[in-house]
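Reader: Could you take me through the features of a model one at a time, giving the general idea before the particular case?

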Amino acid sequence: MTIQLEINDLLEIAAYRRTIRKLDHAYDIDLANACTPAQREKLEYRHYWETLIYYEQIAEIKTRRLIRKADYLNMSLGYADDNSPMWRRSSQLNSWVLTPLGCSEVQNMIGQERKDRRARARTTWASAITGPLTRLVAVWLLARGH
């Protein structure tokens with residue numbers, strides 16, 4: 001995984017969040033000036049649909065990042081379909097993104113895989129060090145006994 005991709009993703013997410021904040025601020029002013037409940041409802045509806053595209057973009061970037069991490073670790077995430085609680089189809093982008101439950105599950109799977117790999121690496125190093133030391137001690141004890 002390259003650092004450049006991660007930096008680009010973070011910058012892209014930050015830009016989308018700034019845009020959402022600007023839209024929120026603009027709609028807050030419009031909502032404060034709305035005279036009737038019908039106007040407020042119309043503004044809230046427009047605000048929802050105008051910001052949804054940016055939230056969808058953020059969800060897609062997060063999904064892409066998690067998939068890259070899982071691919072790097074040679075993990076299988078399963079297929080995206082309508083019956084999976086881990087996946088949903090983006091209404092604005094027409095792509096598959098992870099649900100909050102899916103993101104959490106994939107992050108837990110990645111964390112567990114990394115933990116398992118660290119444990120295997122420690123075991124490998126421990127056996128690589130312990131084996132020769134044991135043989136060295138055995139040779140030393142044999143040499144000392146004779």
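Author: What follows is a dialogue on helices, salt bridges, aromatic pairs, a surface patch and backbone angles.

Author: This is a predicted model, in which local features need pLDDT of at least 70, side-chain atom pairs count only at pLDDT 80 or more, and totals for chains, interfaces and linings use all residues. Residues are numbered from 1 along each chain as its sequence is written, and side-chain values use heavy atoms, with hydrogens and water left out.

Reader: How many residues does helix α1 have, and which of its residues are buried?

Author: Helices are DSSP runs of H or I with at least four residues, strands are runs of E with at least two, and both are numbered from the N terminus. Helix α1 covers residues 3-33, 31 residues in total, and spans 45 Å from its first C-alpha to its last, close to the expected 45 Å; that expectation is 1.5 Å times one less than the number of residues. Buried means under 20% relative accessible area, exposed over 50%, and partly exposed in between, with a 1.4 Å probe and protein chains only. By that scale the buried residues of α1 are Asp-9, Ile-13, Tyr-16, Ile-20, Leu-23, Tyr-27 and Leu-31, and their cover includes α2 (37-72).

Reader: How many salt bridges does a search of the whole structure find?

Author: Side chains of opposite charge can pair when their charged atoms come close. The criterion used here is a side-chain nitrogen of Lys or Arg within 4 Å of a carboxyl oxygen of Asp or Glu, and the search of the whole structure finds seven such salt bridges. One of them joins Glu-6 to Arg-65, with the closest N and O atoms 3.6 Å apart. This pair links distant parts of the chain, since Glu-6 belongs to helix α1 and Arg-65 to helix α2, 59 residues apart. Glu-6 is partly exposed at 24% relative accessible area, whereas Arg-65 counts as buried at 17%.

Reader: Which residue forms a salt bridge with Asp-9, and is Asp-9 buried or exposed?

Author: Arg-64 and Asp-9 meet through their side chains in a salt bridge of 3.4 Å, N to O. Arg-64 lies in helix α2 and Asp-9 in helix α1, so the pair ties together parts that are 55 residues apart in sequence. Asp-9 counts as buried, at 3% relative accessibility, while Arg-64 is partly exposed at 33%. Both residues also belong to a network of salt bridges that links Asp-9, Glu-12, Arg-64 and Arg-68.

Reader: Where do Glu-113 and Arg-117 lie?

Author: An α-helix has 3.6 residues a turn, so residues three or four places apart point the same way. Glu-113 and Arg-117 both lie in helix α3 (residues 100-145), four residues apart, about one turn of the helix. Their side chains meet in a salt bridge of 2.9 Å, N to O, and Arg-117 is partly exposed, with a relative accessible area of 32%.

Reader: How many aromatic pairs does a search of the whole structure find?

Author: A pair of aromatic rings is described by the distance of the centres and the angle of the planes. Rings of Phe, Tyr and Trp (its six-membered ring) pair if their centres lie within 6.5 Å, and planes under 30 degrees apart count as stacked, over 60 as edge-to-face and the rest as tilted. The search finds three aromatic pairs. Among them, Tyr-16 and Tyr-54 form a tilted pair, 6.0 Å centre to centre and with 45° between the planes. This pair links helix α1, which holds Tyr-16, to helix α2, which holds Tyr-54, across 38 residues. Tyr-16 is buried, with a relative accessible area of 17%, and Tyr-54 counts as partly exposed at 25%. The rings of Tyr-48 and Trp-49 have their centres 5.2 Å apart and their planes at 80°, so this pair is edge-to-face. Tyr-45, Tyr-48 and Trp-49 form one aromatic cluster.

Reader: Which residues form a nonpolar patch on the surface?

Author: Trp-125, Ile-129, Leu-133 and Leu-136 form it, with about 480 Å² of accessible area together. Patches are made of residues with over 30% relative accessible area and no salt bridge, like charges being joined within 9 Å and nonpolar side chains (Val, Leu, Ile, Met, Phe, Trp, Tyr) within 5 Å; accessible areas come from the Shrake-Rupley method with a 1.4 Å probe, and for residues only the protein chains shown count as cover. Trp-125 is found in helix α3 and counts as exposed, at 62% relative accessibility.

Reader: Where is Asn-74 found?

Author: Most residues other than glycine have a negative phi, and most peptide bonds are trans. Asn-74 has a positive phi of about 55° although it is not a glycine, and is found in the loop between α2 and β1 (87-89).

Terms used
Contact means heavy atoms within 4.5 Å.
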